[in-house]
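Trainee: I have a new model open and would like to learn how to read it. Can we go through it feature by feature?

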Amino acid sequence: MNKFFATVRSNTIVQAILCVVLGVFLLVAPETATLTLVYLIGAYLAITGAITLISYFRSGSKKYRETSILITGVAWLVGALLVFIFPEFVGGFLSLIMGIFLLISGIVDGVRSYEMREFPASAWIPMLIVSALIAIGGIVIIMNPFGATVTFVMVLGILLIVKGVSDLAIDLLTTNGMKAAKQH
């Protein structure tokens, strides 16, 4: 059981650090970060579509070729084409996904912060406030996902940094609270 909790804790720490790193990248180079991600998605779709079509045409006999595989391959390639033609729209959609992520993370961190109130000398109220701010930031992003501007991406970066630091603080405070509770 201790091994399970250690694994969960290490995953939480890694996720928090990744949030901070991604947040810094978005803050420092918001246009580059957004377009890079959009174009990587486009490349993934193009490669997947090409591989699917190659698989379709390499099948031995025409009678064993499935039309659904051909349609899937073409759909992947059309998706890639749309990503490359409309990168701003796709960037706005990605912002929507990140807004949903921040909203859910803020709620989860809020619940975790509230649960910390049982530990003596825990700072659960400030952590609850930070979690609420993260969730509110997620809501703001969800309400205007397609207005993704440099400022919007930078705010997203700041929120990711705050979320990562908040997760690290909650983990540290929870660990210290558990140690203090064991000593009493």
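Mentor: Start with how the chain is connected. This is a predicted model. Of the contacts in the protein chain between residues at least 6 apart in sequence, 79% join residues at least 24 apart.

Trainee: How many helices and strands does the protein chain have?

Mentor: There are six helices and zero strands. Along the sequence the pattern reads α-α-α-α-α-α.

Trainee: What share of the 184 residues in the protein chain is buried?

Mentor: Buried residues account for 32% of the 184. Burial here means a relative accessible area under 20%.

Trainee: Now helix packing. How do I read the angle between α4 and α5?

Mentor: Look at the directions of the two axes; an angle over 145 degrees counts as roughly antiparallel. Helix α4 covers residues 87-115 and helix α5 residues 124-143, and they pack at about 160° with axes 7 Å apart. The two helices are therefore roughly antiparallel to each other. Their crossing is left-handed.

Trainee: Which residues of α4 and α5 meet?

Mentor: On the α4 side, they include Ser95, Gly99, Leu103, Gly106, Asp109, Gly110 and Ser113. On the α5 side, Trp124, Met127, Leu128, Ser131 and Ile134 are among them. Sorted by class, the residues of this contact are 14 nonpolar, seven polar and one charged.

Trainee: What does the packing of α2 and α3 look like?

Mentor: Helix α2 (residues 30-58) packs on helix α3 (residues 67-85) at about 155°, and their axes are 8 Å apart. At that angle α2 and α3 are therefore roughly antiparallel. The crossing of α2 and α3 is left-handed. The contact of α2 with α3 has 17 nonpolar and seven polar residues, with no charged ones.

Trainee: I would like to look at single residues next. Where does Ser113 lie, and is Ser113 buried or exposed?

Mentor: Ser113 is in helix α4. Its relative accessibility is 0%, so Ser113 counts as buried. To see what surrounds a residue, set aside its sequence neighbours and list the rest. With residues up to four places away left out, Ser113 touches Trp124, Met127, Leu128, Ser131 and Ile170.

Trainee: And which residues does Ser166 contact?

Mentor: Ser166 is in helix α6. Ser166 counts as buried, at 2% relative accessibility. Beyond its neighbours within four places in sequence, Ser166 is in contact with Asp109, Met127, Val130, Ser131 and Ile134. Of these, Asp109 is on the α4 side of the contact between α4 and α5, while Met127, Ser131 and Ile134 are on the α5 side.

Trainee: What is the position of Gly177, and how far is Gly177 from Met116?

Mentor: Gly177 lies in helix α6, which spans residues 150-183. Gly177 has 5% relative accessibility and so counts as buried.

Trainee: Last, the rings. How many aromatic pairs does the structure hold?

Mentor: The structure holds four aromatic pairs. For each pair, read the distance between ring centres and the angle between planes. Tyr39 and Phe84 form a stacked pair, 5.7 Å centre to centre with 15° between the planes. Tyr39 is in helix α2 and Phe84 in helix α3, so this pair ties together parts 45 residues apart in sequence. Tyr39 is partly exposed at 35% relative accessible area, and Phe84 is partly exposed at 37%.

Trainee: How are the rings of Tyr56 and Phe57 arranged?

Mentor: The ring centres of Tyr56 and Phe57 are 5.0 Å apart and the planes are at 80°, so this pair is edge-to-face. Tyr56 counts as buried, at 13% relative accessibility.

Methods: Residues numbered from 1 in each chain as written. Predicted model: local features only at pLDDT ≥ 70, side-chain atom pairs only at ≥ 80, totals over all residues. Heavy atoms only, no water. Axes fitted to C-alpha atoms, helices over the stretch in contact; angles between N-to-C directions. Helix = DSSP H or I, 4+ residues; strand = E, 2+ residues; numbered from the N terminus. Parallel < 35°, antiparallel > 145°, perpendicular 65-115°, else oblique. Left-handed = near helix turned anticlockwise from the far one by under 90°. Contact = heavy atoms within 4.5 Å. Nonpolar A, V, L, I, M, F, W, Y, C, P; charged D, E, K, R; others polar. Phe/Tyr/Trp six-rings, centres within 6.5 Å; stacked < 30°, edge-to-face > 60°. Buried < 20%, exposed > 50% of the residue type's maximum accessible area, 1.4 Å probe, protein only.
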